[in-house]
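This report looks at a single chain and at how its parts are packed against one another. Please keep the sequence and the coordinates at hand while reading.

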Amino acid sequence: MSGVPGAGRGARGGLNYPGIGSTEHGQAPEGFPCLVSRAYLGDGPALYRRVAQGILTWQLQKRSGLRVRTDSDAVVPGARVVSGFGVGPFRINAPCEVVWVCRPVPGDGPQRAGFGYGTLPGHPVRGEEAFEVELDAAGRVFLKITAFSRPSNWFYAAGRALTGRAQRQVTSRYIGSAHELAAGES
């Protein structure tokens with residue numbers, strides 16, 4: 001993980017959950033609760049491409065208020081990223097690795113673009129999260145976030161209600177970030 005200051009801390013080792021890549025196909029492994037959020041962003045292929053570009057360059061995470069450190073400016077399979085949230089001594093670093101990527105294709109027909117990343121040791125949960133933008137046959141554009149996870153240890157399991165609230169809040173921020181990308185806000 002050279003080039004990512006501090007990214008090696010807590011990110012040593014490999015992916016730490018079953019069902020690697022499952023968010024690409026929508027089937028979470030047994031024992032991992034799955035949450036799917038979907039939000040309408042607007043219409044048209046240009047809007048779709050703006051959001052896809054933002055998702056595939058970490059803008060969705062950065063605009064949501066997370067501190068993002070990564071070894072790649074673009075989302076690529078195998079890229080590692082550490083997202084930090086919280087403040088001061090209450091900051092939690094969440095190391096992940098990209099496990100799949102889907103890029104936009106030429107044309108204006110139905111398609112999707114995005115990626116999924118999985119947790120590495122040091123993350124508060126074990127599981128996977130995917131961020132996709134979809135263009136349907138009617139030209140409508142949707143953000144879809146799929147996540148399956150469970151606490152990584154007893155400490156985070158004890159704070160499950162707080163962890164769930166934090167996940168909902170971050171998902172809400174991702175949706176707000178997607179609306180900014182859709183509007184072309186810089």
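## Burial and the end of the chain

A residue is called buried when its relative accessible area is under 20%, exposed when that area is over 50%, and partly exposed in between. The model discussed here is a predicted one. Gly184, which lies in the segment after α4, has a relative accessibility of 45% and therefore counts as partly exposed. Its C-alpha atom is separated by 7.1 Å from that of Arg50, although Gly184 and Arg50 are 134 residues apart along the chain.

Glu24, in the segment before β1, also falls into the partly exposed class, with a relative accessibility of 27%. Once residues up to four places away in sequence are set aside, Glu24 touches Trp100 and Arg112.

## Overall architecture

The protein chain contains 4 helices and 7 strands, and their order along the sequence follows the pattern β-α-α-β-β-β-β-β-β-α-α. Of the 186 residues in the protein chain, 47% are buried. Among the contacts between residues at least 6 apart in sequence, 61% join residues that are at least 24 apart.

## Helix α1

Which residues of α1 are buried? They are Leu47, Tyr48, Val51, Ala52, Gly54 and Ile55. Seen down the helix axis, these buried residues fall within an arc of 160 degrees, so they line one face of α1. On the other side of the helix, Ala46 and Gln53 are exposed.

## The nonpolar core

The largest nonpolar core has 30 residues, and the members that touch the most other members are Leu41, Ile55, Trp58, Phe115, Tyr117 and Val133. The elements that contribute two or more residues to this core are α1 (45-55), β4 (92-102), β5 (111-119), β6 (125-135), β7 and α4 (160-183). Leaving aside neighbours within four places in sequence, Ile55 is in contact with a set of residues that includes Leu60, Val75, Phe115, Phe131, Val133, Leu143 and Leu181.

Phe131, found in strand β6, has a relative accessible area of 0% and is therefore buried. Beyond its neighbours within four places in sequence, Phe131 is in contact with residues among them Ile55, Leu60, Gln61, Phe115, Tyr117, Ile145 and Tyr174. Phe131 and Ala52 are 79 residues apart in sequence, while their C-alpha atoms are 9.6 Å apart in space. Phe131 also belongs to one aromatic cluster together with Trp58, Phe115, Tyr117 and Tyr174.

## Aromatic pairs and a charge over a ring

A pair of aromatic rings is described by the distance of the centres and the angle of the planes. How many aromatic pairs does the count give? The count comes to 8 aromatic pairs. In one of these, the rings of Tyr17 and Phe148 have their centres 5.9 Å apart and their planes at 70 degrees, so the pair is edge-to-face. Because Tyr17 lies in the segment before β1 (34-43) and Phe148 in strand β7 (residues 140-151), the pair ties together parts that are 131 residues apart in sequence. Tyr17 counts as buried at 6% relative accessibility, and Phe148 counts as buried at 2%.

Phe148 forms an aromatic pair with Phe32 as well, and this pair is edge-to-face, with 5.8 Å from centre to centre and 90 degrees between the planes. Here, too, distant parts of the chain are linked, since Phe32 is in the segment before β1 and Phe148 in strand β7, 116 residues apart. Phe32 counts as buried, at 5% relative accessibility. A charge placed over a ring is found at Phe142, where Arg38 lies over the face of the ring at 4.0 Å from the ring centre.

## Cysteines

A disulfide is a covalent bond between the sulfur atoms of two cysteines. How many disulfides does a search of the whole structure find? The search finds 0 disulfides. As for accessibility, Cys34 counts as partly exposed at 40%, whereas Cys96 counts as buried at 5%.

Definitions and conventions: Residues are numbered from 1 along each chain as its sequence is written. This is a predicted model: local features need pLDDT of at least 70, side-chain atom pairs count only at pLDDT 80 or more; totals for chains, interfaces and linings use all residues. Side-chain values use heavy atoms; hydrogens and water are left out. Rings of Phe, Tyr and Trp (its six-membered ring) pair if their centres lie within 6.5 Å; planes under 30 degrees apart count as stacked, over 60 as edge-to-face and the rest as tilted. Buried means under 20% relative accessible area, exposed over 50%, partly exposed in between (1.4 Å probe, protein chains only). A charge sits over a ring if NZ of Lys or CZ of Arg is within 6 Å of the ring centre and within 35 degrees of the ring normal. A disulfide is a pair of cysteine sulfur atoms within 2.5 Å. A nonpolar core is a set of buried Ala, Val, Leu, Ile, Met, Phe, Trp, Tyr and Cys residues joined through side-chain atoms within 4.5 Å. Contact means heavy atoms within 4.5 Å. The arc is that of the directions from the helix axis to the C-beta atoms.
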